[in-house]
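Dear colleague,

I am passing on the structure below, and my notes on it follow directly after. Please read them with the coordinates open.

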Amino acid sequence: MAPARRCGGLEMARVVYVNGQYQPWDYARVHAEDRGFQFGDAVYEVCEVRNGHLIDETRHMDRLERSLGELGIPLPMSRGAWKRVMRETIRRNRVTDGMVYLQVSRGARPRDFIFSDAIDMMPTVVCLSRPVNRAKRDAAAQGIAVKSMPDIRWGRCDIKTVMLLASSLAKEAAKAEGGKEAWLVDEKGFVTEGASSNAWIIDKDGRLVTRPTNNEILRGVTRTTLIDLLKKEGLELVERAFTIEEAKKAREAFVTSAGAIVTPVIKIDETPVGNGAPGITASRLRELFHTVAECAAK
Ligand code: PDD
């Protein structure tokens with residue numbers, strides 16, 4: 001078994017599943033003419049692992065199947081096979097708390113924009129798992145700063161594709177200005193979502209506000225599960241768009257994702273949110289989140 005390594009402050013996977021084989025990280029390869037590599041023609045999922053259990057596995061698999069369906073990529077394996085691959089990847093990487101990443105591309109073939117005549121193309125499947133960086137996770141509970149950036153992504157952000165360059169550049173620009181996340185803003189001045197999370201505010205009357213889902217944002221699994229929690233807690237949800245100016249004046253703000261769970265936002269651009277400390281409601285929702293999320297058998 002390869003020893004655990006770190007790269008750029010991240011724990012690394014030791015073993016990666018690629019097309020039916022578990023390979024040491026250094027040797028894990030896909031083809032140079034994979035359409036995921038040449039066209040971004042691939043979808044992915046990130047699922048939290050907590051105490052060795054997959055969190056919200058069913059919703060993540062539902063969304064993976066939807067993303068594949070929207071792009072007309074055939075399902076590469078059954079749910080039962082996915083379950084086995086994910087659990088085996090977690091086991092081989094000795095992950096107790098961390099994440100599992102799945103990626104499916106349309107497959108490899110000589111480069112061509114047209115793919116419909118390649119009937120024998122097999123999807124490329126990758127699964128990896130790595131531990132969480134505990135220091136980063138604990139720091140996130142103390143709240144993060146976000147920076148607003150124009151949303152320059154494509155028109156199908158509801159599909160979880162690997163075309164993440166705009167998001168990556170936005171996050172990099174946010175980081176250069178001291179932010180941990182970018183809040184993407186549409187042409188009308190409304191926040192769509194974070195570069196890799198959904199965006200939320202809590203208004204003066206205690207209502208939780210987040211943008212309704214359509215083709216402009218990803219329907220986050222954490223967002224969906226949090227809505228279950230809000231119902232249980234009797235908190236009011238309003239699905240509508242909000243501006244950066246409104247968010248700066250909000251009582252609280254936070255982001256949700258499989259990695260961030262519920263992470264308070266304490267600063268937007270240069271303006272502190274509320275009193276500049278993690279909000280009471282966001283912190284409480286972060287603590288309660290796993291009481292409603294699905295916790296799959298190992
Ligand atoms: N990102 N919006 C975007 C654009 C995202 O990339 C993500 C997740 C979310 C939240 O989705 P979920 O709650 O299902 O994680 C919303 C993942 C974690 C990533 O790319 O690493």
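Helix 2 (residues 57-71) and helix 3 (residues 79-92) are oblique to each other, because their axes cross at roughly 120 degrees and angles under 35 degrees count as roughly parallel, over 145 as roughly antiparallel, 65 to 115 as roughly perpendicular and the rest as oblique. Their axes, which are lines fitted to C-alpha atoms over the stretch in contact, with angles running from 0 to 180 degrees between N-to-C directions, come within 12 Å. Helices here are DSSP runs of H or I with at least four residues, and strands are runs of E with at least two, numbered from the N terminus. The contact (heavy atoms within 4.5 Å) joins Glu57, Thr58, Met61, Asp62, Leu64 and Glu65 of helix 2 to Arg79, Trp82, Lys83, Met86 and Arg87 of helix 3. By class, this contact has four nonpolar, one polar and six charged residues, where Ala, Val, Leu, Ile, Met, Phe, Trp, Tyr, Cys and Pro count as nonpolar, Asp, Glu, Lys and Arg as charged, and the others, Gly among them, as polar.

This is a predicted model, in which local features need pLDDT of at least 70 and side-chain atom pairs count only at pLDDT 80 or more, while totals for chains, interfaces and linings use all residues. Residues are numbered from 1 along each chain as its sequence is written, and side-chain values use heavy atoms, with hydrogens and water left out.

Helix 2 also packs against helix 6 (residues 221-233), at an angle of about 135 degrees and with the axes 10 Å apart, so this pair is likewise oblique. Here Arg59, His60 and Arg63 in helix 2 meet Val221, Thr224, Thr225 and Asp228 in helix 6, a contact with one nonpolar, three polar and three charged residues.

Turning to the sheet, six strands form an open sheet in the order 4-3-8-7-5-6 with antiparallel pairing, where two strands pair if DSSP finds at least two bridges between them. Strand 4 (21-24) and strand 6 (53-54) are the edge strands, each pairing on one side only. Strand 3 (residues 15-18) pairs with strand 8 (residues 124-131) over two bridges, and Tyr17 has Cys127 in strand 8 as its bridge partner. Helix 3 packs on this sheet, touching strands that include strand 3 and strand 8, and its direction makes about 40 degrees with that of strand 8.

Overall, the chain comes to eight helices and 17 strands, and its C-alpha atoms fill a box of roughly 55 × 40 × 35 Å along the principal axes.
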